Every structure is written in structure tokens, then in C-alpha cells.
Amino acid sequence: MSDTDENPKHTNHNSKNHNSKRTDHSDNSSHSDNSAVKSEASTKDHHSKRASFKEMMGYAKPHRWAFAGIFFCSLLGISADLLQPYLVKIAIDDHLAVGQTSTLFLVKLAAVFLGLAVISFIFTYIQNNLLQHVGQSIVSRIRKDLFRHISKMSMSFFDRFHIGSLVTNVSSDTETISSFFTQVLLSLIRDGMMLVLIIFFMFQLDPMLASYSLIILPVIAVVAALFRRRLRSAYQNARTRLSRLIAFTAENLSGMFLIQAFHQEDEQKKRFKEQNALHLEANITQARSNVIFNRTFDILGNAALVMMVWLGGRAVLGESLQVGVLYAFISYIRQFFQPINQITMQWNTFQSTTVSMDRIWNILNTRPEVHDPSPDQASPLESQHVMGQIDFNDVSFGYKADRPIIQHMNLHLYPGEMVGIVGTTGAGKSTLISLLNRFYDVNQGNIQIDGTDIRHIPQAALHRIVGLIQQEPFLFSGTIIDNVRMFREDITREQAIEACRFVGADGMISRLPQGYDTRLSERGSGLSAGERQLISFARIVVFQPRILILDEATANLDSHTEQLVQHALESVSQGRTTIVIAHRLSTVMHADRILVMEQGSIVEEGSHQELVASQGVYADLYQHAREAGQQPSKSG
Ligand SMILES: Nc1ncnc2c1ncn2[C@@H]1O[C@H](COP(=O)(O)OP(=O)(O)O)[C@@H](O)[C@H]1O
Ligand SMILES: [Mg+2]
């Protein structure tokens, strides 16, 4: 019964994921114009599933000898199991029934029986371990490939696949596949073999009686299939009700202050009661179907047994059948139902596996949109020799073809220049930076660094040339040192510490419990935003990119840390081409040149003085900032 409960979980899990993917899908196509592609995709669904199943089975190939071993062990284990009733039959018919009852014989019989039990145990054990080993290594390889593949993907990939569903893919879809290899395949091999062997032994014993018992087989299969479907829908219903209940509860808890403020407690209590009642009902229905299924199966089994006793018993009385044969038959009939039950149960897991495999295969099959240049096109631009000249030549770009974000942008930065960019949210500042980092490729025009089109620079090299600091720097779990040198062993501890000193982070780091060896928990929680930012500055110093970009890097900082960061920025930007995007004018006002962006184009540019004097957008912004009291000291 516990198996019955457990199994559909995968199914449900998956159908849920499936839905969520569907939604992503339709989201996508409603933005773009390919609804035709979508319908084509759904008719191809079946075919693609089969294809991806085949492809995924490729992962099992290197393990074919292990599978042969599993097959062999199962065969031995099951045979040893199934020989036991046969042995008793021999004892009854050939010895006990003919009056040969010596103690020695009984001892021998017991010894053989025990031997069979031991053999069965040993081989089942080996088979199980082998299968677990194979299953887990297959899944671990799929996970590894998946992870490696996802980390190679371009940014546009992450716009299409949500991080949440990717996490599901890497964790629970691979888990489903794991259970396919360890449970479904096991069941197919073991239970299938068991059925075949039972039928074989039955025909060995008495073909007539065996044929009779086979009549009941289709009946059982049909009943099992019908019930499975019912069980599954009952299970899914219960799951849906539960997730609704959970969602309702979570929503209420997080909005509790609103509920209390608006005195909605009674109303919400009533709604909760309704949801809860529905959940209760669904659960009871599920439990009831479970019981009915299991009992029906028992009844069928017993009916078969009764039939056997009746037919066999009559034959024994008519002396056309030996008692031992009847005994063995009854034993086999009893063992007959378990494999059938198992196999129908695994069918559900099998189905959800094909869904999971399909999803994973889809990801593995997606090619990155941003390609590295082919070796003959690759530019030999070395990070340390880059001067830092940047040219955007007539660049146009849109995340979706029909919605251009940047149009015919021309922008030229000379080596070592510091440029500030200001503009409203959504103006396209970050998009510009993403293009420079080649997270996306431009639709038209080109971007050059020192006169080389960035599409000719291998991505790894490009990312060494361009250092990007964002609003929320990403810290990994690991020590401060690890985070500064990004786990690269060729950077010494001293270099890392030197870098922290350089950006003025050593004071704050030495106040931490273990100094530079303090382990940061997930994403550096426990440090303030400014402290995290300082660490990412030290990272930049260590890696010495020739071009430095700060995208709203100072947005969330209190004024004290902002000053620290501002100070660090001044040191770090020396001799580097630097682009600073900031809301606060204080961060950009000392730049060599300030650009004002609106709706994907540059509407004003010049130095702080020039822009203020020209009385345009920037002058307005500056005026507002002054009135709001944000006007910083000019010393900064
Ligand atoms: N990954 C994305 N997919 C689709 N549209 C995007 C994506 N990122 C940004 N946009 C859109 O591009 C425009 C410019 O955004 P962005 O460059 O982030 O502006 P800014 O950094 O100036 O606030 C906005 O309209 C935004 O909605
Ligand atoms: Mg932005």
C-alpha cells in the first residue's frame, strides 16, 4: 500500500511541472508570433518523447555489462525462489506420499531448501546493489551534463526557462529518471522474469491446470489497468487540493497584516474551512479507492486460488494429479499477483519518466545562441594588452524581434575614460552593458573593443577583459578569500588580501570572526550590501579587467559604505575604461563624460558642468536631487 501511495507522486509532480512549462511556453509564443510553431510542437509531442527516451537510454549504454549482470543475478535469484515450491512438491510426491520418510532425507531436503534461500538472498542482494549503482551513476551523469550545459547557455536561454523550473529539472526530473532506472527497470526485469518463470514452472507441473490459471490473467490485467487510472486521478485530485490549501495558507500568512487591518478574519476563516473540507474529501476518496483496489486484487487472487483448489482438488481425488503438484500450484498462484501488481504500478512512473526525459532532453538539445568564434576567426586579443577603447557602431537590439530596445546607437569610449550613464528605469542602460558583455548578440551593427568585433573574441577572454559589478554582487558559499579569487588556486592568498586592502575592505573584514577565512553563508547573507559590494570590488582588482562596468552598484548602500565604495571605485578605475551606471548623480558627476539615456538612445552627453549649463534633462535631474537634499558634498 505504501508503494501505491508513493508511486503516483512522481506522476503528479511531473504533471505539475509539465503545466508550469506549458505556461512558460505559451507566454513565450504570445509575445512572439509563433503560435503556429506551438501547435506543431504539440502534435510532435509524442514523437519527440519517444526520441528523447531513446536518446536518454544512450546514458545506459556504457553500463550494458552491469545490466547483463543484473539480468543474470535476477534470473538466478528468482529461479532459486521459485524452485522452493517445486522442491516441496518433489518431497511430497516422490518421498512422503510413497512412504519414504527417513530423517536423513528430511535433513537433506531442509539443507537444499536453505541453500536455495541463501542463493536467492545473495543474488537478489547483488542485483539490487548493481542496479542502484548503475541507476545512480546514470543519473549523476545526466545531472552533471545538465548542469554543465545550463552553465554554458546564453542569457536569452534564462529569459525563456525560468530559474525555478530549471531547478526542478535538475533536481526532481533527474530524480524521476533515477527512479526509472532503479524501480521501473528493476520491476520490468525482475517481475517480468518472475511471471515468465512462474508460467514456465506451472506448465512443467501440469499443462492443463496451467492453462486454466492463465485464463484469469487477462482479467487481472484489465482490472488492474482500470483501477490504476482511477487511483491516479484520485491521487492527483488530492494533491491539487493540498497545494491549493497550502497556497491559500501561505497567502494568508504573508498578508496577515492586511487581513487584520481590514478585519477579514471571519471571511478568511470561512474560506479556509471550505478549502480544508475539499482537501479532506479528496483525501478520503483517495484512501477509499486505494483500499478498494487492493482488496479487489486480493479477491481476484483468492478467486484464482479457489478455482485452483476446486479443479486441482478434484483431479487429486480422481488420482489424475499428485498432491505435491497441487501444493506447488497453489504456491505459484499466490506469487503470481505480486509481479502483475508491481508492473502496473511502475507503468505510471514510466509515463512520468518519459515526460521528465523529454524535458531534460529539450534542455540538453538547446544550443547556446551566443557562439564562440571559430578558431580561424578568433582574435588573439590578450586581456593584459587591451587598451580599453570601446565602440558601439550603429547598434540595434531587442530582446524580442518585434520590440527594439536600442536603435542605431553610436557610442565611442577612449581608453581609460570614465563614463557615467544616467536615465530612467527601463531606458536600456543594463541592456547596453549586457551587449558589451555579449550576454546577447546585437541584431545590427557591431561592438568593438580596441577595434576588434567582440563576436571574434572567445567569451572566456571577453569576460576577462570586461569586469562587471552589479547592484547585487553574487557571492558563493565559501570563505572571503575564495570569493575574492573566485576559487582560482593560481591566485595567491596574499594577492587576494592585497586586493581587499586596496579597495579599503580590510577594516571591515578584520572585524569578522575569522577574518579572511570567515565562511560566507548562502549568497553572503550576514554581510551588509556595502560589504558584499566591497568584496566584489576586490574581485575586480584581483582579476584586473581592462574595462570596468558598474551597473547600479551603489544603489542600495548607506552613505557610509557608499563613500567607501566611491573611494574604492576611484582607486580601481585608475587606468581602466570605466562605465558607471547610477541613480545617484553623486556617483557619476565626476566622470569624464556623462550620458543621459532615454528609451534606448542617448539624449544628452557632456561633462557635469556642460550638462548643467545646457539646462536639459540632466540639469533637471540635478535640480531635483538638490531640492531633495541628496546633493552630495563636492569633495567625493
Ligand atoms: N531579459 C529581458 N527580456 C525582455 N525584455 C527585457 C529584458 N531585460 C530588459 N528588458 C526590457 O528592456 C528595456 C530596457 O531594460 P534595461 O536595459 O534593464 O533598462 P535599465 O537598466 O535602464 O533600467 C525595458 O523595457 C525592459 O523591460
Ligand atoms: Mg538596469
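Six strands, in the order E6-E9-E10-E3-E11-E12, form an open sheet with mixed pairing (two strands pair if DSSP finds at least two bridges between them; strands are DSSP runs of E, at least two residues, and helices runs of H or I, at least four, numbered from the N terminus). The model is predicted: local features need pLDDT of at least 70, side-chain atom pairs count only at pLDDT 80 or more, and totals for chains, interfaces and linings use all residues. Residues are numbered from 1 along each chain as its sequence is written, and side-chain values use heavy atoms, without hydrogens and water.

- E6 and strand E9 (residues 547-551) run parallel and are joined by 5 bridges.
- Leucine 468 has isoleucine 549 in E9 as its bridge partner.

**Helices on the sheet**
- Helix H16 (residues 529-543) packs on the sheet and touches E6 and E9 (contact means heavy atoms within 4.5 Å).
- The direction of H16 makes about 180° with that of E6 (axes are lines fitted to C-alpha atoms, for helices over the stretch in contact, and angles run from 0 to 180 degrees between N-to-C directions).
- Helix H20 (residues 617-627) lies across strand E3 (418-423), strand E11 (593-598) and E12, at about 95° to E11.

**A helix pair**
- The axes of helix H7 (residues 207-254) and helix H10 (residues 323-365) come within 10 Å and cross at roughly 30°.
- H7 and H10 are therefore roughly parallel (angles under 35 degrees).

How values were computed
Chains lettered and ligands numbered in written order. Parallel < 35°, antiparallel > 145°, perpendicular 65-115°, else oblique.
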